[in-house]
Amino acid sequence: MLPVMIKNSWFPTVFEDFLNNDFMPRANITAPAVNVREDEKAYTMEVAAPGIKKEFCRVSINDEGNLSIAIENKFEHKESEKKHHYLRREFSYTNYEQNYELPEDVDKEHISAKVEDGILTISLPRMQKEERKLSRTINIG
């Protein structure tokens, strides 16, 4: 006969057994996904930030001239949430901050950013290269 473990609250144990297995591993904390694309006029960064409002995002140029992105989620538990009893709660809200070294041709004075549909989009315009005229008259001395 096998030993039997008896617990008073079997309901959470059922969920723990179901959710803590190889088929449903626990979520790992990772940095948000970042896409970077370029064209002849600008670089564009897209940072995945689902559910984040623009008030929680900060984009700046630091003292070293690098792009600094910070996402600070200020999630507050409301009094109404105390009416619920969670059997398992995995939503985690963490702060994220990352510095990116910019290419030399980025016009740092005209960088812009917006948050829309869970994506922080940062536009990094390129400086326009001045084309020099190669033809000129050479004085003979």
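Let me begin with β1 and β2, which run antiparallel and are joined by five bridges; strands count as paired here if DSSP finds at least two bridges between them. What you see above is a predicted model, in which local features need a pLDDT of at least 70 and side-chain atom pairs count only at pLDDT 80 or more, whereas totals for chains, interfaces and linings use all residues. Residues are numbered from 1 along each chain as its sequence is written, and side-chain values use heavy atoms, with hydrogens and water left out.

For the chain as a whole, the secondary structure comes to one helix and seven strands, arranged along the sequence in the pattern α-β-β-β-β-β-β-β. Helices (H or I, at least four residues) and strands (E, at least two) are DSSP runs, numbered from the N terminus.

Which strands form the open sheet, and in what order? There are four of them, in the order β1-β2-β7-β6, and the pairing is antiparallel. β1 and β6 stand at the edges with a single partner strand each, so that one side of each is left without a neighbour in the sheet. From one strand to the next, the twist averages 15°, where axes are lines fitted to C-alpha atoms (for helices over the stretch in contact) and angles run from 0 to 180 degrees between N-to-C directions. Within this sheet, strand β2, residues 42–48, pairs with β7 in the antiparallel sense over seven bridges, and A48 stands opposite I119 in β7.

Of the 141 residues in the chain, 20% are buried, and I use buried for under 20% relative accessible area, exposed for over 50% and partly exposed for what lies in between, with a 1.4 Å probe and protein chains only. Among contacts between residues at least 6 apart in sequence, 52% join residues at least 24 apart, a contact being heavy atoms within 4.5 Å.

Now to the charged pairs. Side chains of opposite charge can pair when their charged atoms come close. A search of the whole structure finds six salt bridges, each defined as a side-chain nitrogen of Lys or Arg within 4 Å of a carboxyl oxygen of Asp or Glu. One of them joins the side chains of R37 and E46 at 2.8 Å, N to O; R37 is partly exposed at 48% relative accessibility, and E46 is partly exposed as well, at 22%.

In another, R126 meets E38, with the closest N and O atoms 2.3 Å apart. This pair links distant parts of the chain, R126 being in the segment after β7 (119–125) and E38 in strand β1 (residues 34–38), 88 residues apart. R126 counts as buried at 18% relative accessibility, whereas E38 is exposed at 54%.

A further salt bridge brings together R58 and E72, at 3.1 Å from N to O. Because R58 lies in strand β3 (residues 57–61) and E72 in the loop between β4 (67–71) and β5, the pair ties together parts that are 14 residues apart in sequence. R58, at 38%, is partly exposed, and E72, at 30%, is partly exposed too. Salt bridges that share partners also join E38, D105 and R126 into one network.

A polar contact of 2.7 Å does join the side chains of D107 and H110. By polar contact I mean a pair of N or O atoms within 3.5 Å, of which, within protein, one must be able to donate a hydrogen and the other to accept it, and residues adjacent in sequence count only if both atoms are side-chain atoms. Leaving aside neighbours within four places in sequence, D107 is in contact with P125, R126 and M127.

I finish with Y96, which sits in strand β5 and is buried, with a relative accessible area of 12%. The side chain of Y96 makes a polar contact of 2.8 Å with that of Y100. Not counting residues up to four places away in sequence, Y96 touches A31, P32, I69, A70 and I71. Y96 and E72 are 24 residues apart in sequence and 6.5 Å apart in space, C-alpha to C-alpha.
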